[in-house]
Amino acid sequence: MTTEGIQPGDGAAASFDPLRPLLTRVAYRMLGSVADAEDVVQDAFIRWLGTDRDTVREPAAFLRRTVTRLCLDQIKSARVQRETYVGPWLPDPLVEEEEEDDVTLPLMLALERLSPLERAAFLLHDVFGVEFDEVAKTIDRDPAATRQLAARARTHVRDARPRYRMEKERGLEIANAFFAASRSGDMGALGAMLAADVGMWADGGGKRPAAMGVVTGHDIVLKLHRSLAVLFGKYGSTLVHTGTINGLPGFVTREADGEFQTTALEIEDGKITAIYVMRNPDKLKHMH
């Protein structure tokens with residue numbers, strides 16, 4: 001069910017639809033899944049339909065609370081699924097024209113290591129700017145405990161927050177150069193871009209070939225790309241789009257099997273420190 005079949009003048013749809021993008025962002029930041037975020041927001045809309053809306057003074061706060069609580073319920077089952085996930089897990093890639101906030105892919109991975117309540121407190125207060133009293137109401141804790149949860153979260157994710165913003169143009173230049181070198185087999189150019197301790201995450205979800213663990217170290221990552229370049233040379237890899245993926249410079253390609261793939265690059269001091277490749281077709285459906 002969507003709001004499309006409901007008349008525009010309907011009070012529920014009219015008050016809900018302007019908030020849908022923000023609610024979806026909250027849900028996606030909590031869950032790391034586009035489909036799950038959309039399901040949660042739709043569930044919130046159904047609940048909104050059944051609410052006595054005249055008694056709700058602040059629909060935005062009410063709906064943000066509803067979405068956050070639904071996400072907290074969802075995280076419990078997601079964690080169980082994550083334990084049986086094949087290979088490294090990455091959040092669904094979001095290809096964005098403009099970054100709405102500084103929640104980059106490394107930060108989303110760091111959020112995965114937090115407790116659900118720490119994650120909610122940190123995201124609502126530090127990312128979405130919600131006052132602690134309101135966050136406390138949302139997660140059903142007192143304000144002092146809520147502040148502690150956010151402080152603990154901050155400590156855990158400190159290293160994953162971007163230290164400085166790279167100029168977008170420079171980031172995209174490096175992304176284009178990485179694509180060109182990796183597909184053409186120019187290992188000299190590729191090697192010069194990689195940091196000594198570079199890491200590579202590839203999420204195939206057991207649906208497409210991908211390394212079963214994180215590949216780390218300049219020489220090992222370069223060796224892997226040397227093998228991949230042979231495959232790219234033989235079967236092809238087409239650049240579809242260069243842009244920002246989960247807050248990082250990167251690109252979208254269509255691979256030899258006809259499926260999309262995203263590659264996001266974490267860059268520090270002009271060197272690539274991490275490469276995040278999404279190959280799982282289930283996590284790329286929203287891009288079709």
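I count two strands as paired if DSSP finds at least two bridges between them. The model I looked at is predicted.

**Entry: strand S5 and its partners**

I started with S5, residues 248-255. Its partner S6 covers residues 260-268. The two run antiparallel and share five bridges. I looked up Phe251 and found it opposite Thr263 in S6. The hairpin of S5 and S6 has four residues between the strands. There, Gly258 takes a positive phi near 85 degrees.

Then I turned to S4, residues 237-245. Eight bridges join S4 to S5, again in the antiparallel sense. Gly243 stands opposite Gly250 in S5. Two residues lie between the strands of this hairpin. I noted a positive phi near 50 degrees for Asn246.

Why is S5 largely enclosed by the rest of the structure? I checked burial, taking under 20% relative accessible area as buried. Seven of the eight S5 residues are buried, so the strand is largely enclosed.

**Entry: nonpolar cores**

Next I looked up the largest nonpolar core, which has 47 residues. Phe16, Met30, Val67 and Phe122 have the most contacts inside it. Helices H1 (11-16), H2 (20-31), H3 (34-49) and H4 (59-83) are among the elements that give two or more residues to this core. So are H5 (105-112), H6 (116-127), H7 (132-139) and H8 (143-157).

I then listed contacts of Phe122, leaving out residues up to four places away in sequence. Phe122 touches Leu107, Leu111, Val127, Ala150, Ala153, Arg154, Val157 and Arg161.

How values were computed: Residues numbered from 1 in each chain as written. Predicted model: local features only at pLDDT ≥ 70, side-chain atom pairs only at ≥ 80, totals over all residues. Heavy atoms only, no water. Buried < 20%, exposed > 50% of the residue type's maximum accessible area, 1.4 Å probe, protein only. Core = buried A, V, L, I, M, F, W, Y, C linked by side-chain atoms within 4.5 Å. Contact = heavy atoms within 4.5 Å.
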